[in-house]
Structure formats: C-alpha cells, structure tokens
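Subject: Structure handover

Hello,

Here is the structure I promised to pass on. My notes follow below it.

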Amino acid sequence: MMVGGRKSFDRVAEIYDDTRGLPPDIMTSILEAMDTVLDKRRRVLDAGTGTGRFSHPLQERGFDVLGVDISMRMLEKARAKGTAC
C-alpha cells in the first residue's frame, strides 16, 4: 500500500517482530540508555512506532509514550501488546 508516496508496512506487520528482533541483552542496553536520556515527567512521542517494540517496554518502565504510525496493521500489533497508540 502506498501512503504519501511511500510504502506502508501493512504487508509485513505479521512477521515484523520476528524479523527485526534484537538479542535480549542488546534490547536491555538500548532501553537502559533511553531511560537515562528521556524524562519520565514528559510525554515521549514514538513516531513510526510500528509494532511498539520500543514503545511498549518504555511504557512498562514508567514512561508516558504515544506511538504513531502510518500502518494501521502495525498499530494493531502494538495495541495487542498493550502499547498506547
């Protein structure tokens, strides 16, 4: 699907997490780094949130995250994880 002249990720939503996963120790390191630079008192905008693979764990860490994406199918996956979008 073309959206705004760009391809939407709708067609890969079902397999996206399986093909873009990071090893748990790397994901933990990334989240810890984000935890040190983001302010929990402010809302975080995750533009291009996709399936919420960063938004959801940040929300679990106490961040107020709003995820947005052009792909409705990716957002459905994010919401199924409990991501606010």
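Is K77 buried, exposed or partly exposed? K77 counts as partly exposed, because its relative accessibility is 27%. (Buried is under 20% relative accessible area, exposed over 50%, partly exposed in between, with a 1.4 Å probe and protein chains only.)

This is a predicted model: local features need pLDDT of at least 70, side-chain atom pairs count only at pLDDT 80 or more, and totals for chains, interfaces and linings use all residues. Residues are numbered from 1 along each chain as its sequence is written, and side-chain values use heavy atoms, without hydrogens and water.

Salt bridges
The whole structure holds 7 salt bridges (a side-chain nitrogen of Lys or Arg within 4 Å of a carboxyl oxygen of Asp or Glu). K77 pairs with E14 at 2.9 Å, N to O. That pair links helix α4 to the loop between β2 and α1, 63 residues apart. (Helices are DSSP runs of H or I, at least four residues; strands are runs of E, at least two; both are numbered from the N terminus.) E14 also bridges to R73, at 3.3 Å between the closest N and O atoms. E14 is partly exposed at 49%, and R73 is partly exposed at 33%.

Core
The largest nonpolar core has 6 residues, among them V44 and F63. (Such a core is a set of buried Ala, Val, Leu, Ile, Met, Phe, Trp, Tyr and Cys residues joined through side-chain atoms within 4.5 Å.)

Best wishes
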